[in-house]
Amino acid sequence: KSALMELSAYDVDSYMEPDKIYYYETTRGCPFTCQFCLSGNESGLVSFPLEKTYRELQIFLDEKVKQVKLVDRTFNADAQRAMKIWTFLKEHDNGITNFHFEISARLLTDEMLAFLETVPVGLFQFEIGVQTTCKLSLQAIGRAQDQEWEFKVIRRLVRAKKIHIHVDLIAGLPHEDLLRFRRS
């Protein structure tokens with residue numbers, strides 16, 4: 001694991017094309033065990049060192065790339081770490097680069113939401129995995145959710161008009177037919 005922590009896919013001397021979308025991860029694995037997800041079969045979450053992450057994110061900012069999609073399975077699984085990275089990106093915003101995150105709405109706190117309401121418009125884009133509104137389906141796939149809180153969080157983020165939001169649903173989950181999926 002320690003050798004993996006020091007490898008860098010991005011080199012300061014490398015040339016990046018500004019109009020391209022770059023994929024980047026700051027963690028590997030996932031702390032959850034949702035039955036539909038391959039990441040749920042892995043054990044635990046490994047985070048890359050923050051200094052390495054800052055250094056590499058700064059490369060994207062310096063190169064003024066269009067978008068960086070962070071492919072961490074649940075970026076905000078570690079709330080303190082997420083806030084540190086979001087704060088770094090806000091403080092180093094170049095007005096061009098957009099950062100896409102896969103997050104869990106249920107893990108956002110009031111403090112995090114208050115911070116997110118202060119970020120520049122377009123700096124962040126969130127993909128939020130709601131998956132379904134069917135409680136029986138959620139139970140069958142081993143996904144604990146406080147849907148009332150999640151929907152409150154999503155509405156608050158949408159009202160703030162700072163962050164572009166994608167809400168994901170999954171078709172074909174247990175206990176859902178086409179009509180039930182449509183209701184979700």
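Helices (H or I, at least four residues) and strands (E, at least two) are DSSP runs, numbered from the N terminus. The model is predicted, so local features need pLDDT of at least 70 and side-chain atom pairs count only at pLDDT 80 or more, whereas totals for chains, interfaces and linings use all residues. Residues are numbered from 1 along each chain as its sequence is written, and side-chain values use heavy atoms, with hydrogens and water left out.

**View 1. Overall arrangement of the protein.** Seven helices and seven strands are present, in the order α-β-β-β-α-β-α-β-α-β-α-α-β-α from the N terminus. Of the 184 residues, 42% count as buried (under 20% relative accessible area; exposed is over 50%, and partly exposed lies in between; 1.4 Å probe, protein chains only). Among contacts (heavy atoms within 4.5 Å) with a separation of 6 or more, 78% join residues 24 or more positions apart.

View 2. Helix α6 comprises the 14 residues 147-160; at 1.5 Å a residue it should span 20 Å, and its end C-alpha atoms are 20 Å apart, which agrees (the expected span is 1.5 Å times one less than the number of residues). Buried positions in α6 are Gln-147, Trp-149, Glu-150, Val-153, Ile-154 and Leu-157. Seen down the axis of α6, these buried residues fall within an arc of 160°, so they line one face of the helix (the arc is that of the directions from the helix axis to the C-beta atoms). Glu-148 and Arg-159, on the other side of α6, are exposed. The cover over the buried residues includes α4 (110-116), β6 (124-131), α5 (135-140) and β7 (164-169). Lys-161, which follows α6, has a positive phi, near 55°.

View 3. Asp-110 forms a salt bridge with Arg-156, the closest N and O atoms being 3.3 Å apart (a side-chain nitrogen of Lys or Arg within 4 Å of a carboxyl oxygen of Asp or Glu). This pair links distant parts of the chain, with Asp-110 in helix α4 and Arg-156 in helix α6, 46 residues apart. Asp-110, Glu-117 and Arg-156 are linked in a network of salt bridges.

View 4. Glu-56 and Lys-52 form a salt bridge, with the closest N and O atoms 3.1 Å apart. Both residues lie in helix α2 (residues 50-63), four residues apart, about one turn of the helix. Glu-56 and Lys-52 are both buried.

View 5. Ser-137 lies in helix α5 and, at 0% relative accessibility, counts as buried. Not counting residues up to four places away in sequence, Ser-137 touches Thr-132, Leu-173, Pro-174, His-175 and Glu-176.
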